[in-house]
Structures are given as C-alpha cells and as structure tokens.
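Trainee: I would like to learn how to read a few local features. Could we go through them one at a time?

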Amino acid sequence: MSKTFRIAPSILSANFAKLGQEIENVIKSGTDIVHFDVMDNHFVPNLTIGPLVCDAIRDISKEVGALIDVHLMIEPVDRIVPDFAKAGANIITFHPEASTHIDRTLNLIRDNGCKSGLVFNPATPLNYLDYVMDKVDMVLLMSVNPGFGGQKFIPSALQKLREARARIDAYTKETGREIWLEIDGGVNAQNIVDIARAGADTFVAGNAIFTKGQDSDPNRYDTVVKELRAALATV
Ligand code: DX5
Ligand code: ZN
C-alpha cells in the first residue's frame with residue numbers, strides 16, 4: 001500500500017492581492033491543505049494575517065476540498081482560538097513556549113471543534129508530547145526558525161522527524177489513533193524525499209510552490225507540484 005502524503009502550501013508566499021484565486025489554483029494543481037501562518041510581531045518578528053482573512057478564504061477552501069491548517073506563532077494563544085474556530089479553521093497548532101497551560105490550550109482547541117497540534121521549534125525538545133499525546137492530532141516540526149518564508153532547511157530536523165515518527169508509531173500501535181506529522185520550512189523537490197523517509201507525512205511548502213508570486217498564469221504551480229509528487233512517489 002502506498003503511503004498518504006499531504007502537501008500544504010503556505011499562503012505566506014502567495015500573492016495576497018489575489019489570495020482566493022491563488023488558493024483555488026494551488027489546490028487544484030494537486031495539493032491538499034491551506035497552511036495559514038499567523039504571526040504577531042511578539043512571539044516571532046513578523047506580522048501577518050488573522051481570523052478576518054481566515055474567514056475570507058473559508059468558502060473557497062471548502063469548495064476545493066482543502067482543510068485550513070492554522071499555525072499560530074503568537075503569544076498568548078488562548079484568547080484567539082475561538083475566533084479562528086469561528087473563522088473556519090480545521091486544524092489549529094501552537095508553540096508550547098507560547099502557552100502557559102499547554103494541556104488547557106489543547107482542550108480549548110478541541111472544544112471549539114478543531115483538530116489540535118503542537119509545533120516544535122528547531123531547538124525545542126519533543127518532551128512536551130509526553131503527557132498529552134491523547135490530545136494531539138498533529139505534530140508540526142519546524143525546520144527553520146519561525147517568522148519568515150524562504151529560509152533554508154535545517155538538517156537536524158531529519159533526526160528529530162525520526163524521533164517524532166517513532167513516538168507517533170508507538171502511540172498509534174497502542175491506541176489505533178492516527179496523528180499527522182508535518183514539517184515546515186525550506187521544503188523543496190530536492191529534499192522532500194529525505195524528509196518523507198525520515199517520517200513526515202504532511203509537507204508545508206511556501207517559497208518552493210509560489211516561486212513566481214506575481215505571475216498571473218493559473219497553472220504555474222503545476223510543474224513544481226508535479227515535481228514534489230513525483231519525488232514522493234519514489235519513497
Ligand atoms: C515560517 C512559516 C512557514 C513558512 C514556510 O515561520 O511557519 O510556514 O511560510 O515557507 P517556506 O517553505 O518558504 O520555508
Ligand atoms: Zn507555518
């Protein structure tokens with residue numbers, strides 16, 4: 001049986017003047033999930049988009065069959081969770097360093113009807129998972145320091161992926177419940193095979209997909225998405 005691999009374009013690198021169209025085109029070219037990066041100029045040194053934009057893209061995302069994966073790079077976390085749930089988020093992930101009560105925040109996300117997840121910065125240990133595996137639907141490993149698209153993949157993320165994969169597999173074996181393992185930062189057609197072999201099943205890609213952000217050709221992602229899919233097919 002071939003493995004299920006999901007590709008999650010990070011719309012941070014899309015053309016914001018045509019966001020709805022960009023999402024429709026990129027999902028139709030063979031991707032699965034809208035990765036929605038939320039930054040607050042406090043937890044990370046950049047400022048991006050919030051619930052208002054999430055709400056604006058919810059209909060088009062639903063229409064093309066894509067989940068909205070909200071990656072919160074903000075502190076504090078809890079106040080804004082219900083707003084994103086109301087705005088159509090399907091998955092909400094946050095950084096453990098940004099929440100004083102991690103268990104409570106995971107519950108809050110689920111209570112608001114979303115899948116929940118924890119995000120690990122390059123130097124953040126996986127131990128945060130120790131007592132909350134049952135409350136986590138997605139583990140997101142950062143392979144860059146969060147804040148900007150277009151950075152280079154940090155190689156130590158591969159070893160961390162293997163460790164996360166082992167934890168998840170052991171948990172799934174015991175419980176039968178699936179947890180997605182997502183990688184975020186510097187993913188491209190050259191390194192995606194190594195990343196998949198190390199254990200990731202969900203791949204965020206910003207710059208690699210939206211390379212020609214201002215180009216108006218709706219099929220311009222097709223080449224790179226095909227490359228990513230072809231590479232994944234060899235795993
Ligand atoms: C970085 C963001 C990423 C980023 C990925 O803080 O969380 O999702 O946009 O973009 P690339 O693929 O260009 O590294
Ligand atoms: Zn992200």
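Trainee: Which atom of Gly 147 lies 2.8 Å from an oxygen atom of ligand 1, backbone or side-chain?

Mentor: A polar contact is a pair of N or O atoms within 3.5 Å; within protein, one must be able to donate a hydrogen and the other to accept it, and residues adjacent in sequence count only if both atoms are side-chain atoms. Here a backbone N or O atom of Gly 147 is 2.8 Å from a ligand 1 oxygen. Likewise, a backbone N or O atom of Asn 207 lies 2.9 Å from an oxygen atom of ligand 1. For His 35, a polar side-chain atom is 3.3 Å from a ligand oxygen.

Trainee: What should I keep in mind about the source and numbering?

Mentor: This is a predicted model, in which local features need pLDDT of at least 70 and side-chain atom pairs count only at pLDDT 80 or more, while totals for chains, interfaces and linings use all residues. Residues are numbered from 1 along each chain as its sequence is written, chains are lettered from A and ligands numbered from 1 in the order in which they are written, and side-chain values use heavy atoms, with hydrogens and water left out.

Trainee: At what angle do H1 and H2 pack?

Mentor: Helices (H or I, at least four residues) and strands (E, at least two) are DSSP runs, numbered from the N terminus. Axes are lines fitted to C-alpha atoms, for helices over the stretch in contact, and angles run from 0 to 180 degrees between N-to-C directions. H1 (residues 19–28) and H2 (residues 51–63) pack at about 40 degrees, with axes 10 Å apart. The two helices are therefore oblique to each other; angles under 35 degrees count as roughly parallel, over 145 as roughly antiparallel, 65 to 115 as roughly perpendicular and the rest as oblique.

Trainee: Which residues does Asp 40 touch, leaving out those up to four places away in sequence?

Mentor: Contact means heavy atoms within 4.5 Å. Asp 40, in the loop between strand E2 (33–39) and H2, touches Asn 46, Leu 47, Met 73, Ile 74 and Glu 75. Its C-alpha atom is 5.3 Å from that of Ile 74, 34 residues apart along the chain. The Asp 40 side chain also reaches the backbone nitrogen of Phe 43 at 2.7 Å.

Trainee: Which residues does the cis peptide bond join?

Mentor: Most residues other than glycine have a negative phi, and most peptide bonds are trans. The cis bond joins Glu 75 and Pro 76, with omega about 0 degrees. Asn 41 has a positive phi, near 55 degrees.
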